[in-house]
Amino acid sequence: MRHLDAEFGNPGSRTHSLGRAAAEAVDKAREQLSGLIQCAPEELIFTSGATESNNLAIRGLGEANSCSQGHIITSVTEHKSVLDPVHDLFRHGWSATVLPSSHSGRITSAQVEHAIQRDTRLVSIMWANNETGVINDIESISSLCQERGVILHVDAAQAVGKLPVSVAQIPVDMLSISAHKMYGPKGVGALFVRKSVQRQLRPLLHGGGQERGLRSGTVPVHQVVGLGTAADLARTYLKGDGPDRVRALRDLMLQLLVEELGDVQLNGDAEHRLPGNLNVWLPNCDTEALAMRCEEVAFSTGSACNSASLEPSYVIRAMTGSEKRASESARFGIGRDTSEADIRFAVEHISRHARDLRGLASLFE
Ligand SMILES: *Cc1c(COP(=O)(O)O)cnc(C)c1O
């Protein structure tokens with residue numbers, strides 16, 4: 001039966017060759033991903049994506065300690081799949097500190113240090129923000145947590161594949177990964193769980209005991225193979241000049257937007273941000289209306305993850321304290337395949353529509 005698609009088998013059935021072939025494909029993908037973030041393959045738990053990984057890290061730890069609730073620290077700029085599980089534990093008797101954001105959007109280790117209490121069990125701070133691209137100082141936050149004996153979970157869905165991320169160099173305890181944020185398939189991701197922490201988690205899904213008992217359910221072989229391949233491609237990409245090229249295009253886009261529209265301001269820290277993220281404030285331009293008019297270019301106003309709500313970005317609001325600025329902000333993503341011609345095309349159309357909208361707005365003033 002070897003002529004059948006090798007990935008047809010169930011990776012849980014190593015007793016026949018089809019199962020073995022599927023298991024080998026999963027093993028290979030686990031090695032590819034562990035090579036990217038420099039962990040042991042056994043420290044990776046495959047999940048359905050970073051949402052599930054964040055839930056497993058936070059609720060998994062909380063539910064394992066449900067008789068002795070403690071304190072959790074997170075920040076206001078986190079993704080909802082971190083904030084909502086923290087809120088859930090709060091409703092079940094945990095206490096929580098949600099750190100506020102400065103104008104730069106960066107959460108500092110000093111903030112975390114001030115918030116640590118004697119019963120703090122978990123700190124959950126993201127590596128890079130999905131809306132502003134702002135990169136937190138995970139290096140110093142992780143050494144602080146290590147020093148104070150507090151478990152650190154990092155949502156790295158935006159960082160892995162875009163920045164060098166090594167859990168061998170930076171002592172985080174848990175790290176969430178999403179395949180589709182690094183050019184892999186949707187619906188798959190992973191949670192890195194350091195060996196010393198694995199027994200402190202309670203699984204969210206109970207059943208066949210796959211993934212070291214932390215995530216029951218047949219491993220989706222084809223999805224996981226896609227994640228492994230994406231990890232290998234990301235490793236090659238990060239070694240080359242791709243990130244510098246993307247950063248240069250991002251800076252060019254900002255420069256061209258300023259030339260065309262005058263009043264344009266960057267949201268968040270200018271230095272510590274993902275190379276491909278441009279999040280700007282276009283004063284007096286309703287960017288929700290801009291996104292609707294500007295059919296030539298795909299960009300976002302808030303976060304794609306919260307697109308169920310039409311609320312302006314809670315991240316920009318938390319950083320600036322301004323509802324108006326949040327509703328006048330837009331996020332452009334520059335990717336591996338974006339060209340300079342794409343940037344010039346995008347700026348031309350965005351500027352034209354933005355000028356129209358600003359003109360309309362001034363009529364009503
Ligand atoms: C996209 C994203 C998530 C959710 O990931 P899924 O794989 O889509 O569930 C979580 N956190 C951040 C920072 C993200 O960018």
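**Loops and helix pairs, a quick chat**

Q: Where is the place of Gln-38?
A: Gln-38 is in the loop between α1 (17–37) and β1 (44–47). Helices (H or I, at least four residues) and strands (E, at least two) are DSSP runs, numbered from the N terminus.

Q: Before we go on, what kind of model is this?
A: This is a predicted model, where local features need pLDDT of at least 70 and side-chain atom pairs count only at pLDDT 80 or more, while totals for chains, interfaces and linings use all residues. Residues are numbered from 1 along each chain as its sequence is written, and side-chain values use heavy atoms, with hydrogens and water left out.

Q: OK, back to Gln-38. What's its phi?
A: Positive, about 60 degrees, although Gln-38 is not a glycine.

Q: And how exposed is Gln-38?
A: Gln-38 is partly exposed, with a relative accessible area of 41%. Buried means under 20% relative accessible area, exposed over 50%, and partly exposed is in between (1.4 Å probe, protein chains only).

Q: What about Glu-211, where does that lie?
A: In the loop between α6 (195–198) and α7 (221–239). Glu-211 has a positive phi near 50 degrees and isn't a glycine either.

Q: Is Glu-211 buried or exposed?
A: Glu-211 is buried, at a relative accessible area of 9%.

Q: Switching to α1 and α7. At what angle do they pack?
A: About 30 degrees, and their axes are 8 Å apart. Axes here are lines fitted to C-alpha atoms, for helices over the stretch in contact, and angles run from 0 to 180 degrees between N-to-C directions.

Q: So what do you call that arrangement?
A: α1 and α7 are roughly parallel to each other. Angles under 35 degrees count as roughly parallel, over 145 as roughly antiparallel, 65 to 115 as roughly perpendicular and the rest as oblique.

Q: Left-handed or right-handed crossing?
A: The α1 and α7 crossing is left-handed. That means the near helix is turned anticlockwise from the far one by less than a right angle; clockwise would be right-handed.

Q: Which residues make the contact?
A: From α1 they include Ala-22, Val-26, Leu-33 and Leu-36, and from α7 they include Val-221, Val-225, Asp-232 and Leu-238. Contact means heavy atoms within 4.5 Å.

Q: And by class?
A: The contact of α1 with α7 has 13 nonpolar, 4 polar and 2 charged residues. Ala, Val, Leu, Ile, Met, Phe, Trp, Tyr, Cys and Pro count as nonpolar, Asp, Glu, Lys and Arg as charged, and the others, Gly among them, as polar.

Q: How do α2 and α3 pack?
A: Helix α2 (residues 50–64) and helix α3 (residues 80–91) pack at about 25 degrees, axes 9 Å apart. That makes α2 roughly parallel to α3. Their crossing is right-handed.

Q: Who's in that contact?
A: Among them are Asn-54, Ile-58 and Arg-59 of α2, plus Val-82, Pro-85 and Leu-89 of α3. The residues split into 6 nonpolar, 5 polar and 2 charged.

Q: Zooming out, how many helices and strands?
A: The protein chain has 12 helices and 10 strands. Its radius of gyration is 22 Å, close to the 21 Å that the globule rule gives for 365 residues, so the chain is as compact as a globular protein of that length. The radius is taken over C-alpha atoms, and the rule is 2.2 Å times the number of residues to the power 0.38.

Q: What share of the chain is buried?
A: Buried residues make up 54% of the 365 residues.
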